[in-house]
Amino acid sequence: MSTNTITSSPAVRSFRSPTPRSPRVTMLLRPTTVSSTTAASVPILTKLQKDCATPVPVLRNIADNMAADMRAGLAADGGSDLKMILSFVDSLPTGNERGLFYALDLGGTNFRVLRTQLGGRDERVIDTEVEQVSIPQDLMSGTSEELFDFIASALAKFVKKEGGKFVLPTGRSRETGFTFSFPVKQTSIDSGILIKWTKGFSVSGTPGKDIVACLNEAMGRQGLDMRVSALVNDTVATLAGARYWDDEVMVAVILGTGTNACYVESVEAIPKLQGHKSTSGKTIINTEWGAFSKGLPLTEYDRAMDAESINPGEQLFEKTISGMYLGEIVRRVLVRMAETGSLFGKHVPEKLQTPFALGTPNISSMQQDTSKDLEAVGSILYEATGVDSNLDARKMVVEVCDTIAKRGGRLAGAGIVGILQKMEEDSKGVVFGKRMVVAMDGGLYEHYPQYKRYLKNAVAELLGPELSSHVVIEHSKDGSGIGAALLAATNSMYEH
(Lines give C-alpha, C1' and ligand atoms only; values in the text may rest on other atoms or scores of the structure.)
Protein backbone atom coordinates (compact mmCIF):
# COMPACT_ATOMS: atom_id res chain seq x y z
CA MET A 1 0.00 0.00 0.00
CA SER A 2 1.45 3.36 -0.96
CA THR A 3 0.35 6.31 1.11
CA ASN A 4 1.36 9.92 0.69
CA THR A 5 0.06 13.29 1.75
CA ILE A 6 -1.33 15.22 -1.20
CA THR A 7 -2.84 18.54 -2.12
CA SER A 8 -3.94 17.71 -5.67
CA SER A 9 -7.37 16.63 -6.90
CA PRO A 10 -8.43 12.96 -7.01
CA ALA A 11 -8.01 10.88 -10.14
CA VAL A 12 -11.38 11.73 -11.64
CA ARG A 13 -10.30 15.35 -11.79
CA SER A 14 -6.63 14.77 -12.51
CA PHE A 15 -6.42 16.72 -15.79
CA ARG A 16 -3.18 18.71 -15.68
CA SER A 17 -1.21 20.86 -18.10
CA PRO A 18 2.05 22.79 -17.63
CA THR A 19 1.90 26.25 -16.08
CA PRO A 20 0.08 28.31 -18.70
CA ARG A 21 1.56 31.39 -20.23
CA SER A 22 -0.71 34.26 -21.14
CA PRO A 23 -3.47 33.06 -23.51
CA ARG A 24 -2.59 33.71 -27.14
CA VAL A 25 -4.96 35.30 -29.59
CA THR A 26 -5.82 32.64 -32.14
CA MET A 27 -4.68 33.48 -35.66
CA LEU A 28 -7.33 32.65 -38.20
CA LEU A 29 -5.90 31.02 -41.29
CA ARG A 30 -7.11 32.53 -44.55
CA PRO A 31 -6.94 30.55 -47.80
CA THR A 32 -5.05 33.46 -49.40
CA THR A 33 -2.22 33.34 -46.83
CA VAL A 34 -1.67 29.62 -46.30
CA SER A 35 1.18 27.65 -47.82
CA SER A 36 0.92 24.52 -49.93
CA THR A 37 1.42 22.53 -46.69
CA THR A 38 -1.91 23.64 -45.28
CA ALA A 39 -3.92 24.61 -48.38
CA ALA A 40 -5.52 21.18 -48.76
CA SER A 41 -6.49 21.16 -45.07
CA VAL A 42 -8.30 24.51 -45.13
CA PRO A 43 -11.62 23.05 -46.42
CA ILE A 44 -11.48 20.44 -43.62
CA LEU A 45 -10.95 23.20 -41.04
CA THR A 46 -13.70 25.35 -42.55
CA LYS A 47 -16.21 22.49 -42.40
CA LEU A 48 -15.14 21.65 -38.83
CA GLN A 49 -15.68 25.26 -37.70
CA LYS A 50 -19.08 25.32 -39.39
CA ASP A 51 -20.17 22.01 -37.81
CA CYS A 52 -18.91 23.07 -34.36
CA ALA A 53 -20.45 26.56 -34.50
CA THR A 54 -22.26 27.63 -31.33
CA PRO A 55 -24.02 30.93 -32.10
CA VAL A 56 -26.42 32.22 -29.44
CA PRO A 57 -29.58 30.64 -31.02
CA VAL A 58 -27.93 27.18 -30.88
CA LEU A 59 -26.87 27.73 -27.26
CA ARG A 60 -30.32 29.04 -26.31
CA ASN A 61 -31.92 25.91 -27.78
CA ILE A 62 -29.51 23.74 -25.74
CA ALA A 63 -30.27 25.66 -22.52
CA ASP A 64 -34.03 25.29 -23.18
CA ASN A 65 -33.63 21.55 -23.87
CA MET A 66 -31.55 21.10 -20.71
CA ALA A 67 -34.24 22.81 -18.60
CA ALA A 68 -37.00 20.71 -20.24
CA ASP A 69 -35.05 17.46 -19.72
CA MET A 70 -34.47 18.35 -16.06
CA ARG A 71 -38.19 18.87 -15.58
CA ALA A 72 -39.02 15.55 -17.30
CA GLY A 73 -36.41 13.71 -15.21
CA LEU A 74 -37.91 15.13 -12.00
CA ALA A 75 -41.39 14.06 -13.06
CA ALA A 76 -40.58 10.36 -13.41
CA ASP A 77 -37.60 8.00 -13.32
CA GLY A 78 -36.59 7.41 -16.93
CA GLY A 79 -38.54 10.50 -18.00
CA SER A 80 -35.55 11.95 -19.86
CA ASP A 81 -31.84 11.42 -20.61
CA LEU A 82 -31.11 13.11 -17.28
CA LYS A 83 -31.47 10.79 -14.27
CA MET A 84 -32.09 13.71 -11.83
CA ILE A 85 -31.04 11.60 -8.83
CA LEU A 86 -32.23 12.54 -5.37
CA SER A 87 -29.20 12.97 -3.08
CA PHE A 88 -31.13 13.04 0.23
CA VAL A 89 -28.91 15.99 1.21
CA ASP A 90 -31.55 18.28 2.69
CA SER A 91 -29.30 20.25 5.05
CA LEU A 92 -26.24 22.11 3.85
CA PRO A 93 -23.33 23.39 5.98
CA THR A 94 -23.99 26.69 7.74
CA GLY A 95 -20.59 27.41 9.25
CA ASN A 96 -21.76 26.55 12.78
CA GLU A 97 -20.46 22.97 12.61
CA ARG A 98 -18.00 22.00 15.35
CA GLY A 99 -15.93 18.91 16.10
CA LEU A 100 -13.73 16.33 14.35
CA PHE A 101 -15.02 14.78 11.13
CA TYR A 102 -13.57 12.46 8.50
CA ALA A 103 -14.10 11.97 4.76
CA LEU A 104 -13.39 9.04 2.45
CA ASP A 105 -13.30 9.83 -1.28
CA LEU A 106 -13.40 6.74 -3.53
CA GLY A 107 -13.62 7.55 -7.22
CA GLY A 108 -10.91 5.68 -9.08
CA THR A 109 -7.68 3.72 -8.67
CA ASN A 110 -6.73 5.87 -5.67
CA PHE A 111 -8.83 6.96 -2.73
CA ARG A 112 -8.36 9.82 -0.30
CA VAL A 113 -8.87 9.96 3.43
CA LEU A 114 -9.28 13.31 5.14
CA ARG A 115 -9.93 14.68 8.60
CA THR A 116 -10.91 18.19 9.56
CA GLN A 117 -11.40 19.96 12.88
CA LEU A 118 -14.27 22.43 12.70
CA GLY A 119 -14.48 25.34 15.13
CA GLY A 120 -17.90 26.79 14.41
CA ARG A 121 -18.73 30.26 13.11
CA ASP A 122 -15.66 32.00 14.60
CA GLU A 123 -12.87 29.53 13.88
CA ARG A 124 -14.32 27.66 10.88
CA VAL A 125 -11.77 25.08 9.64
CA ILE A 126 -9.10 24.83 12.35
CA ASP A 127 -7.01 22.23 10.53
CA THR A 128 -7.24 19.59 7.78
CA GLU A 129 -5.08 16.57 6.86
CA VAL A 130 -5.33 14.47 3.71
CA GLU A 131 -3.69 11.24 2.56
CA GLN A 132 -3.98 9.40 -0.74
CA VAL A 133 -3.87 5.61 -0.96
CA SER A 134 -3.32 3.54 -4.12
CA ILE A 135 -5.58 0.51 -4.56
CA PRO A 136 -3.63 -2.62 -5.60
CA GLN A 137 -4.67 -3.86 -9.05
CA ASP A 138 -5.76 -7.30 -7.80
CA LEU A 139 -8.28 -5.75 -5.38
CA MET A 140 -10.03 -3.97 -8.27
CA SER A 141 -11.21 -7.37 -9.48
CA GLY A 142 -11.31 -9.20 -6.12
CA THR A 143 -14.14 -9.65 -3.64
CA SER A 144 -16.18 -6.98 -1.91
CA GLU A 145 -14.77 -7.96 1.51
CA GLU A 146 -11.16 -7.71 0.28
CA LEU A 147 -11.65 -4.23 -1.18
CA PHE A 148 -13.56 -2.77 1.76
CA ASP A 149 -11.22 -4.41 4.30
CA PHE A 150 -8.29 -2.71 2.53
CA ILE A 151 -10.07 0.67 2.60
CA ALA A 152 -11.09 0.27 6.26
CA SER A 153 -7.54 -0.77 7.18
CA ALA A 154 -6.09 2.37 5.54
CA LEU A 155 -8.71 4.48 7.32
CA ALA A 156 -7.84 2.84 10.67
CA LYS A 157 -4.11 3.58 10.15
CA PHE A 158 -4.96 7.19 9.30
CA VAL A 159 -7.06 7.50 12.48
CA LYS A 160 -4.11 6.25 14.57
CA LYS A 161 -2.09 9.31 13.47
CA GLU A 162 -4.77 11.63 14.86
CA GLY A 163 -3.34 14.24 17.22
CA GLY A 164 -2.29 17.85 17.52
CA LYS A 165 -5.25 20.08 16.75
CA PHE A 166 -7.50 17.09 16.00
CA VAL A 167 -9.55 16.26 19.08
CA LEU A 168 -12.59 13.97 19.28
CA PRO A 169 -15.05 15.25 21.91
CA THR A 170 -15.46 12.87 24.88
CA GLY A 171 -18.18 10.26 24.52
CA ARG A 172 -18.48 10.51 20.72
CA SER A 173 -17.86 8.03 17.93
CA ARG A 174 -16.02 9.25 14.85
CA GLU A 175 -18.17 10.09 11.82
CA THR A 176 -17.21 10.19 8.15
CA GLY A 177 -18.64 11.41 4.88
CA PHE A 178 -18.28 8.90 2.03
CA THR A 179 -17.81 10.31 -1.48
CA PHE A 180 -18.51 7.41 -3.83
CA SER A 181 -18.26 8.22 -7.55
CA PHE A 182 -19.80 5.07 -9.01
CA PRO A 183 -23.43 4.47 -10.10
CA VAL A 184 -25.54 4.15 -6.95
CA LYS A 185 -29.26 4.16 -6.24
CA GLN A 186 -29.34 6.27 -3.12
CA THR A 187 -31.97 5.24 -0.56
CA SER A 188 -31.21 7.72 2.26
CA ILE A 189 -28.51 10.18 3.29
CA ASP A 190 -26.43 7.28 4.63
CA SER A 191 -27.29 4.34 2.38
CA GLY A 192 -27.15 3.47 -1.31
CA ILE A 193 -27.32 0.36 -3.48
CA LEU A 194 -24.43 -0.12 -5.92
CA ILE A 195 -25.82 -0.44 -9.47
CA LYS A 196 -22.53 -1.46 -11.13
CA TRP A 197 -18.79 -0.89 -10.93
CA THR A 198 -17.11 1.30 -13.60
CA LYS A 199 -13.60 2.80 -14.16
CA GLY A 200 -11.89 -0.59 -14.40
CA PHE A 201 -13.39 -2.10 -11.22
CA SER A 202 -15.11 -5.50 -11.35
CA VAL A 203 -15.41 -6.36 -7.66
CA SER A 204 -17.61 -9.38 -7.02
CA GLY A 205 -20.39 -9.54 -4.46
CA THR A 206 -21.12 -5.80 -4.25
CA PRO A 207 -23.64 -4.87 -6.99
CA GLY A 208 -27.13 -4.87 -5.45
CA LYS A 209 -25.72 -4.32 -1.96
CA ASP A 210 -25.70 -1.24 0.26
CA ILE A 211 -22.14 0.05 -0.09
CA VAL A 212 -22.35 1.96 3.20
CA ALA A 213 -23.19 -1.33 4.97
CA CYS A 214 -20.17 -2.93 3.22
CA LEU A 215 -17.89 -0.16 4.56
CA ASN A 216 -19.45 -0.13 8.04
CA GLU A 217 -18.99 -3.91 8.33
CA ALA A 218 -15.35 -3.65 7.20
CA MET A 219 -14.68 -0.89 9.75
CA GLY A 220 -16.18 -3.14 12.40
CA ARG A 221 -13.85 -5.98 11.39
CA GLN A 222 -10.92 -3.57 11.77
CA GLY A 223 -12.11 -2.56 15.24
CA LEU A 224 -12.62 1.00 14.01
CA ASP A 225 -15.35 2.89 15.88
CA MET A 226 -16.63 5.07 13.03
CA ARG A 227 -19.92 5.41 11.17
CA VAL A 228 -20.83 6.83 7.76
CA SER A 229 -23.10 9.87 8.30
CA ALA A 230 -23.40 10.94 4.66
CA LEU A 231 -23.05 9.13 1.32
CA VAL A 232 -22.56 11.59 -1.57
CA ASN A 233 -21.14 11.83 -5.05
CA ASP A 234 -18.28 14.25 -5.80
CA THR A 235 -20.48 16.94 -7.38
CA VAL A 236 -22.79 17.09 -4.35
CA ALA A 237 -19.75 17.21 -2.04
CA THR A 238 -18.32 20.09 -4.11
CA LEU A 239 -21.55 22.05 -3.65
CA ALA A 240 -21.45 21.44 0.12
CA GLY A 241 -17.77 22.42 0.35
CA ALA A 242 -18.37 25.70 -1.49
CA ARG A 243 -21.61 26.42 0.39
CA TYR A 244 -19.72 26.32 3.71
CA TRP A 245 -17.93 29.54 2.70
CA ASP A 246 -20.69 31.18 0.69
CA ASP A 247 -24.44 30.88 1.43
CA GLU A 248 -25.35 31.81 -2.14
CA VAL A 249 -23.83 28.73 -3.81
CA MET A 250 -26.76 26.97 -5.50
CA VAL A 251 -25.11 24.97 -8.32
CA ALA A 252 -21.91 22.88 -8.56
CA VAL A 253 -20.29 21.66 -11.77
CA ILE A 254 -17.32 19.35 -12.24
CA LEU A 255 -15.40 19.69 -15.49
CA GLY A 256 -12.44 17.35 -15.44
CA THR A 257 -11.83 13.99 -17.08
CA GLY A 258 -15.59 13.52 -16.77
CA THR A 259 -18.35 16.00 -16.00
CA ASN A 260 -21.49 16.37 -13.89
CA ALA A 261 -23.65 19.04 -12.27
CA CYS A 262 -25.95 19.30 -9.26
CA TYR A 263 -28.10 22.06 -7.80
CA VAL A 264 -30.39 22.95 -4.92
CA GLU A 265 -34.02 22.12 -5.75
CA SER A 266 -37.32 22.77 -3.97
CA VAL A 267 -38.92 19.51 -2.79
CA GLU A 268 -42.26 20.75 -4.17
CA ALA A 269 -40.78 20.79 -7.69
CA ILE A 270 -40.04 17.03 -7.70
CA PRO A 271 -43.22 15.14 -8.73
CA LYS A 272 -41.49 11.72 -8.62
CA LEU A 273 -40.61 12.27 -4.95
CA GLN A 274 -42.99 10.36 -2.73
CA GLY A 275 -42.95 10.18 1.03
CA HIS A 276 -39.64 12.02 1.47
CA LYS A 277 -39.82 14.74 4.12
CA SER A 278 -37.28 17.54 4.02
CA THR A 279 -36.98 19.82 7.06
CA SER A 280 -35.58 22.61 4.87
CA GLY A 281 -38.02 22.11 1.98
CA LYS A 282 -34.95 21.81 -0.28
CA THR A 283 -32.71 19.02 -1.47
CA ILE A 284 -29.76 18.61 -3.83
CA ILE A 285 -30.44 16.97 -7.18
CA ASN A 286 -27.61 15.18 -8.99
CA THR A 287 -28.47 15.77 -12.67
CA GLU A 288 -25.95 13.34 -14.25
CA TRP A 289 -25.91 15.87 -17.10
CA GLY A 290 -23.23 14.00 -19.09
CA ALA A 291 -26.10 11.96 -20.60
CA PHE A 292 -27.78 15.05 -22.12
CA SER A 293 -28.00 14.87 -25.93
CA LYS A 294 -30.62 17.19 -27.47
CA GLY A 295 -29.54 19.78 -30.06
CA LEU A 296 -25.77 19.25 -29.74
CA PRO A 297 -23.72 20.37 -32.78
CA LEU A 298 -21.95 17.08 -33.57
CA THR A 299 -19.34 16.46 -36.28
CA GLU A 300 -18.43 13.31 -38.21
CA TYR A 301 -15.44 12.97 -35.83
CA ASP A 302 -17.74 12.94 -32.77
CA ARG A 303 -19.96 10.32 -34.35
CA ALA A 304 -17.02 8.07 -35.23
CA MET A 305 -15.54 8.40 -31.75
CA ASP A 306 -18.92 7.67 -30.15
CA ALA A 307 -19.49 4.62 -32.38
CA GLU A 308 -16.14 3.15 -31.31
CA SER A 309 -16.64 3.92 -27.60
CA ILE A 310 -17.63 1.42 -24.88
CA ASN A 311 -21.03 3.20 -24.58
CA PRO A 312 -22.19 4.19 -28.09
CA GLY A 313 -25.07 6.66 -28.14
CA GLU A 314 -24.64 7.47 -24.44
CA GLN A 315 -23.03 10.38 -22.54
CA LEU A 316 -22.99 12.61 -25.64
CA PHE A 317 -22.80 15.89 -23.66
CA GLU A 318 -19.83 14.49 -21.73
CA LYS A 319 -18.20 13.42 -25.00
CA THR A 320 -18.34 16.98 -26.36
CA ILE A 321 -17.38 18.98 -23.25
CA SER A 322 -15.16 16.90 -20.91
CA GLY A 323 -11.41 16.41 -20.62
CA MET A 324 -11.42 12.73 -21.51
CA TYR A 325 -12.57 13.39 -25.07
CA LEU A 326 -11.46 16.85 -26.36
CA GLY A 327 -7.92 15.74 -27.24
CA GLU A 328 -9.22 12.63 -29.00
CA ILE A 329 -11.59 14.69 -31.20
CA VAL A 330 -8.65 16.95 -32.18
CA ARG A 331 -6.52 13.86 -32.97
CA ARG A 332 -9.20 12.49 -35.29
CA VAL A 333 -9.38 15.79 -37.18
CA LEU A 334 -5.57 15.86 -37.54
CA VAL A 335 -5.60 12.30 -38.90
CA ARG A 336 -8.06 13.43 -41.59
CA MET A 337 -5.90 16.46 -42.40
CA ALA A 338 -2.77 14.28 -42.54
CA GLU A 339 -4.38 11.65 -44.79
CA THR A 340 -6.37 13.95 -47.07
CA GLY A 341 -4.41 17.18 -46.97
CA SER A 342 -0.86 15.89 -46.29
CA LEU A 343 -0.64 18.33 -43.36
CA PHE A 344 2.48 16.64 -41.96
CA GLY A 345 4.00 15.42 -45.23
CA LYS A 346 3.40 12.18 -47.09
CA HIS A 347 3.85 9.86 -44.11
CA VAL A 348 1.17 9.54 -41.39
CA PRO A 349 2.87 8.19 -38.23
CA GLU A 350 1.28 5.19 -36.55
CA LYS A 351 1.34 7.06 -33.25
CA LEU A 352 -1.02 9.74 -34.64
CA GLN A 353 -3.45 6.97 -35.60
CA THR A 354 -3.53 5.58 -32.04
CA PRO A 355 -6.81 6.45 -30.24
CA PHE A 356 -6.35 8.87 -27.32
CA ALA A 357 -2.64 9.43 -28.16
CA LEU A 358 -3.33 13.16 -27.93
CA GLY A 359 -4.69 14.17 -24.52
CA THR A 360 -6.63 17.26 -23.54
CA PRO A 361 -3.64 18.53 -21.48
CA ASN A 362 -1.69 18.43 -24.79
CA ILE A 363 -4.19 20.60 -26.64
CA SER A 364 -4.41 23.02 -23.72
CA SER A 365 -0.61 23.35 -23.64
CA MET A 366 -0.48 23.94 -27.39
CA GLN A 367 -2.99 26.77 -27.06
CA GLN A 368 -0.80 28.45 -24.42
CA ASP A 369 2.20 28.64 -26.78
CA THR A 370 2.89 32.33 -27.50
CA SER A 371 6.29 31.87 -29.18
CA LYS A 372 6.81 33.19 -32.69
CA ASP A 373 7.50 29.80 -34.26
CA LEU A 374 5.18 27.80 -31.94
CA GLU A 375 8.05 25.66 -30.65
CA ALA A 376 5.99 24.08 -27.85
CA VAL A 377 3.30 23.07 -30.35
CA GLY A 378 5.96 21.36 -32.47
CA SER A 379 7.48 19.42 -29.58
CA ILE A 380 4.11 18.36 -28.11
CA LEU A 381 2.99 17.11 -31.53
CA TYR A 382 6.22 15.18 -31.97
CA GLU A 383 6.22 13.64 -28.50
CA ALA A 384 2.52 12.74 -28.42
CA THR A 385 1.86 11.77 -32.04
CA GLY A 386 5.25 11.35 -33.74
CA VAL A 387 4.64 14.01 -36.40
CA ASP A 388 7.17 16.54 -37.69
CA SER A 389 5.53 19.90 -38.41
CA ASN A 390 6.39 23.25 -39.92
CA LEU A 391 5.03 26.60 -38.72
CA ASP A 392 2.01 26.59 -41.06
CA ALA A 393 1.00 23.11 -39.93
CA ARG A 394 1.34 24.16 -36.28
CA LYS A 395 -0.91 27.17 -36.82
CA MET A 396 -3.48 24.86 -38.37
CA VAL A 397 -3.25 22.50 -35.37
CA VAL A 398 -3.83 25.38 -32.93
CA GLU A 399 -6.90 26.39 -34.96
CA VAL A 400 -8.31 22.87 -34.61
CA CYS A 401 -7.62 22.86 -30.84
CA ASP A 402 -9.34 26.22 -30.47
CA THR A 403 -12.39 25.08 -32.46
CA ILE A 404 -12.96 22.03 -30.26
CA ALA A 405 -12.24 23.87 -26.98
CA LYS A 406 -14.54 26.73 -27.99
CA ARG A 407 -17.43 24.40 -28.72
CA GLY A 408 -16.86 22.49 -25.46
CA GLY A 409 -16.66 25.58 -23.27
CA ARG A 410 -19.67 27.25 -24.85
CA LEU A 411 -21.81 24.09 -24.60
CA ALA A 412 -20.89 23.75 -20.91
CA GLY A 413 -21.89 27.39 -20.42
CA ALA A 414 -25.25 26.72 -22.10
CA GLY A 415 -25.78 23.74 -19.78
CA ILE A 416 -25.22 25.97 -16.74
CA VAL A 417 -27.73 28.51 -18.07
CA GLY A 418 -30.22 25.66 -18.61
CA ILE A 419 -29.98 24.75 -14.91
CA LEU A 420 -30.37 28.39 -13.83
CA GLN A 421 -33.32 28.77 -16.21
CA LYS A 422 -35.09 25.76 -14.68
CA MET A 423 -34.52 27.16 -11.18
CA GLU A 424 -35.76 30.60 -12.25
CA GLU A 425 -38.96 29.24 -13.80
CA ASP A 426 -39.89 27.35 -10.63
CA SER A 427 -38.97 30.07 -8.15
CA LYS A 428 -41.22 32.74 -9.64
CA GLY A 429 -38.41 34.96 -10.84
CA VAL A 430 -36.23 35.25 -7.76
CA VAL A 431 -33.12 33.44 -9.05
CA PHE A 432 -31.98 36.00 -11.62
CA GLY A 433 -32.74 38.96 -9.39
CA LYS A 434 -30.07 38.18 -6.78
CA ARG A 435 -26.49 36.94 -6.49
CA MET A 436 -26.22 33.28 -7.54
CA VAL A 437 -22.95 31.32 -7.24
CA VAL A 438 -21.97 28.37 -9.42
CA ALA A 439 -19.09 26.41 -7.83
CA MET A 440 -16.74 24.87 -10.40
CA ASP A 441 -14.18 22.12 -9.82
CA GLY A 442 -12.09 19.93 -12.10
CA GLY A 443 -8.79 20.21 -13.91
CA LEU A 444 -10.28 21.04 -17.32
CA TYR A 445 -11.88 24.20 -15.93
CA GLU A 446 -8.86 25.02 -13.77
CA HIS A 447 -6.05 24.45 -16.28
CA TYR A 448 -7.48 25.40 -19.70
CA PRO A 449 -7.85 29.21 -19.74
CA GLN A 450 -9.41 29.45 -23.21
CA TYR A 451 -12.03 26.83 -22.37
CA LYS A 452 -12.88 28.68 -19.15
CA ARG A 453 -13.17 31.99 -21.01
CA TYR A 454 -15.46 30.48 -23.67
CA LEU A 455 -17.69 29.04 -20.93
CA LYS A 456 -18.03 32.38 -19.13
CA ASN A 457 -18.61 34.24 -22.40
CA ALA A 458 -21.45 31.86 -23.34
CA VAL A 459 -23.15 32.42 -19.96
CA ALA A 460 -22.83 36.20 -20.37
CA GLU A 461 -24.16 36.13 -23.96
CA LEU A 462 -27.18 33.99 -23.04
CA LEU A 463 -28.16 35.93 -19.91
CA GLY A 464 -27.27 39.42 -21.11
CA PRO A 465 -25.21 41.99 -19.16
CA GLU A 466 -27.73 42.73 -16.40
CA LEU A 467 -28.68 39.16 -15.42
CA SER A 468 -25.16 37.75 -15.88
CA SER A 469 -23.79 40.36 -13.48
CA HIS A 470 -25.62 38.48 -10.68
CA VAL A 471 -24.21 35.05 -11.66
CA VAL A 472 -20.81 34.34 -10.11
CA ILE A 473 -18.85 31.38 -11.54
CA GLU A 474 -16.28 30.53 -8.89
CA HIS A 475 -13.50 27.96 -8.79
CA SER A 476 -13.86 25.68 -5.76
CA LYS A 477 -10.62 23.68 -5.80
CA ASP A 478 -10.81 20.25 -4.17
CA GLY A 479 -14.17 21.13 -2.66
CA SER A 480 -15.42 17.55 -2.66
CA GLY A 481 -13.02 16.26 0.03
CA ILE A 482 -13.83 18.83 2.68
CA GLY A 483 -17.45 18.85 1.41
CA ALA A 484 -17.97 15.20 2.38
CA ALA A 485 -16.59 15.86 5.88
CA LEU A 486 -18.87 18.90 6.21
CA LEU A 487 -21.89 16.82 5.18
CA ALA A 488 -20.91 14.26 7.83
CA ALA A 489 -20.98 17.16 10.31
CA THR A 490 -24.31 18.51 9.03
CA ASN A 491 -25.88 15.05 9.30
CA SER A 492 -24.14 14.12 12.55
CA MET A 493 -26.04 12.11 15.15
CA TYR A 494 -24.79 14.62 17.75
CA GLU A 495 -25.97 18.15 18.46
CA HIS A 496 -23.46 20.82 17.50
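**View 1. Helices α3 and α15 pack against each other in this predicted model.** Here helix α3 (residues 56–75) meets helix α15 (residues 449–468) at an angle of about 85°, and their axes are 10 Å apart. The axes are lines fitted to C-alpha atoms, for helices over the stretch in contact, with angles running from 0 to 180 degrees between N-to-C directions. Val-56, Leu-59 and Arg-60 of α3 make the contact with Ala-458, Glu-461 and Leu-462 of α15, where contact means heavy atoms within 4.5 Å. Sorted by class, that gives 4 nonpolar, no polar and 2 charged residues. For these classes, Ala, Val, Leu, Ile, Met, Phe, Trp, Tyr, Cys and Pro count as nonpolar, Asp, Glu, Lys and Arg as charged, and the others, Gly among them, as polar.

A word on the model itself: as it is predicted, local features need pLDDT of at least 70 and side-chain atom pairs count only at pLDDT 80 or more, while totals for chains, interfaces and linings use all residues. Residues are numbered from 1 along each chain as its sequence is written, and side-chain values use heavy atoms, with hydrogens and water left out.

**View 2. Helices α2 and α10 form another packed pair.** The angle between α2 (residues 42–51) and α10 (residues 326–341) is about 155°, with 10 Å between their axes. That makes the two helices, α2 and α10, roughly antiparallel. On the α2 side, look for Ile-44, Leu-45 and Leu-48; on the α10 side, for Val-333, Arg-336, Met-337 and Thr-340. This contact has 5 nonpolar residues, 1 polar and 1 charged.

**View 3. Helix α12 has a set of buried residues.** Within α12 (residues 375–385), the buried ones are Ala-376, Val-377, Gly-378, Ile-380, Leu-381, Ala-384 and Thr-385. Buried means under 20% relative accessible area, exposed means over 50%, and partly exposed is in between (1.4 Å probe, protein chains only). Their cover includes α10, α11 (360–367) and α13 (391–426). After α12 comes Gly-386, with a positive phi near 80°.

**View 4. Thr-176 sits in strand β6.** The strand spans residues 174–180, and Thr-176 is buried at a relative accessible area of 1%. What does Thr-176 touch, not counting residues up to four places away in sequence? Its partners are Tyr-102, Ala-103, Leu-104, Met-226, Arg-227, Val-228, Ser-229, Ala-230 and Ala-488. Thr-176 and Leu-104 are 72 residues apart in sequence, with 7.0 Å between their C-alpha atoms.

**View 5. Gly-119 and Arg-124 touch each other.** Gly-119 belongs to strand β4 (residues 110–119) and is buried, at 3% relative accessibility. Leaving aside neighbours within four places in sequence, Gly-119 is in contact with Glu-97, Arg-98, Arg-124 and Ile-126. Arg-124 lies in the loop between α4 (120–123) and β5 (125–134). Arg-124 is not a glycine, yet its phi is positive, about 55°. With a relative accessible area of 17%, Arg-124 is buried too.

View 6. Though not a glycine, Gln-315 has a positive phi of about 55°. Is Gln-315 exposed, partly exposed or buried? It counts as partly exposed, at 22% relative accessibility.

**View 7. Thr-279 lies in a loop.** The loop runs between β11 (259–266) and β12 (282–286). Thr-279 is exposed, at 80% relative accessibility. Thr-279 and Ser-91 are 188 residues apart in sequence, but their C-alpha atoms are 8.0 Å apart in space.

How values were computed:
Helix = DSSP H or I, 4+ residues; strand = E, 2+ residues; numbered from the N terminus. Parallel < 35°, antiparallel > 145°, perpendicular 65-115°, else oblique.
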